[in-house]
Amino acid sequence: MLFMDKLQILEEIAGEVKTCPKCRLAETRLNAVPGEGSISARIMFIGEAPGENEDKTGRPFVGQAGKFLNGLLEKAGIPREDVFISNIVKCRPPGNRVPLPDEVEACSDYLMAQIAIIEPKIVVPLGASSLKTLLGKDRKITQDRCKVFRKSGILYIPLYHPAAALHNPKMVETLQADVLILKELINREIGEDEITDLQSVHIPAEKKVAPEKTDEEPPQTLTLF
Ligand code: URA
Ligand code: SF4
């Protein structure tokens, strides 16, 4: 697919997500969070659902879990702006509860479309919800983390969710070790040179409501949907 066609379709998906009425989460969200990153990303990271900061800003992984994820990416030498980051559901569940099955189902077309357009070589499900949605409900993150699954021409390498480490020093260590394993697997499977894509094109943000400033302003070059 042509580069500009990809860009246009991803923008259209983001536009639909921003006004999506398809499940009850539409009633309580401030901003839907379509996802952000490079449209030519070789790697996608897929979390569970937006939290409070994501709901306020319309961007994925910008709160505490996001800061920890940024540190993990840095540790692994994976530039955040060269990957694509999204979630299983695009709107915040009230009180950050786990998304319900019908919400995941209602939202899944968007993620499947994003994956189909971006055509990543590697998808990294973050945490149990993402793993179960992407690879089957019987999967267990404790057993499947850092394993490589091949499905429809894509490699899936699950990791624990970064939020799991926020109040758990053991989990910090585990995730810091796991992300280095992830990097090894990436190097083995697609080659280190392919991670950074100099062709990356980024899309400017279109945000409806931003009641509060976040303490972390997005870098100028970062893609925002
Ligand atoms: N947790 C997630 O799963 N996704 C986000 O975007 C932020 C926190
Ligand atoms: Fe639509 Fe997904 Fe938001 Fe539900 S969570 S309203 S399906 S974008």
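Tutor: Read along the sequence, the pattern is α-α-β-β-α-α-β-α-β-α-α-β-β-α, where helices (H or I, at least four residues) and strands (E, at least two) are DSSP runs numbered from the N terminus. This is a predicted model, where local features need pLDDT of at least 70, side-chain atom pairs count only at pLDDT 80 or more, and totals for chains, interfaces and linings use all residues. Residues are numbered from 1 along each chain as its sequence is written, while chains are lettered from A and ligands numbered from 1 in the order in which they are written.

Student: In what order do the six strands form the open sheet?
Tutor: Two strands count as paired if DSSP finds at least two bridges between them. The pairing here is mixed. β1 (36-37) and β5 (149-151) each have a single partner strand, so they stand at the edges with one side lacking a neighbour. The order is β1-β3-β2-β4-β6-β5.

Student: Which residue in β4 is the bridge partner of Ile-46?
Tutor: β2 (residues 43-47) and β4 (residues 122-125) are parallel, with four bridges. Phe-45 of that stretch stands opposite Val-124. On the β3 side, Ile-46 has Ser-86 as its bridge partner. In β4, the partner is Pro-125.

Student: Is β2 largely enclosed or left open by the rest of the structure?
Tutor: Call a residue buried if 20 or more other C-beta atoms lie within 10 Å of its own, exposed if 12 or fewer, and partly exposed in between, with C-beta atoms placed from the backbone. In a regular strand the side chains alternate between the two faces of the sheet. Ile-43, Phe-45 and Gly-47 are buried on one side, Met-44 and Ile-46 on the other. Five of the five residues of β2 are buried, so the strand is largely enclosed.

Student: How do α1 and α5 run relative to each other, roughly parallel or roughly antiparallel?
Tutor: Axes are lines fitted to C-alpha atoms, for helices over the stretch in contact (C-beta atoms, placed from the backbone, within 7 Å), and angles run from 0 to 180 degrees between N-to-C directions. The axes of α1 (residues 3-18) and α5 (residues 101-118) come within 10 Å and cross at roughly 170 degrees. Angles under 35 degrees count as roughly parallel, over 145 as roughly antiparallel, 65 to 115 as roughly perpendicular and the rest as oblique. The two helices are therefore roughly antiparallel.
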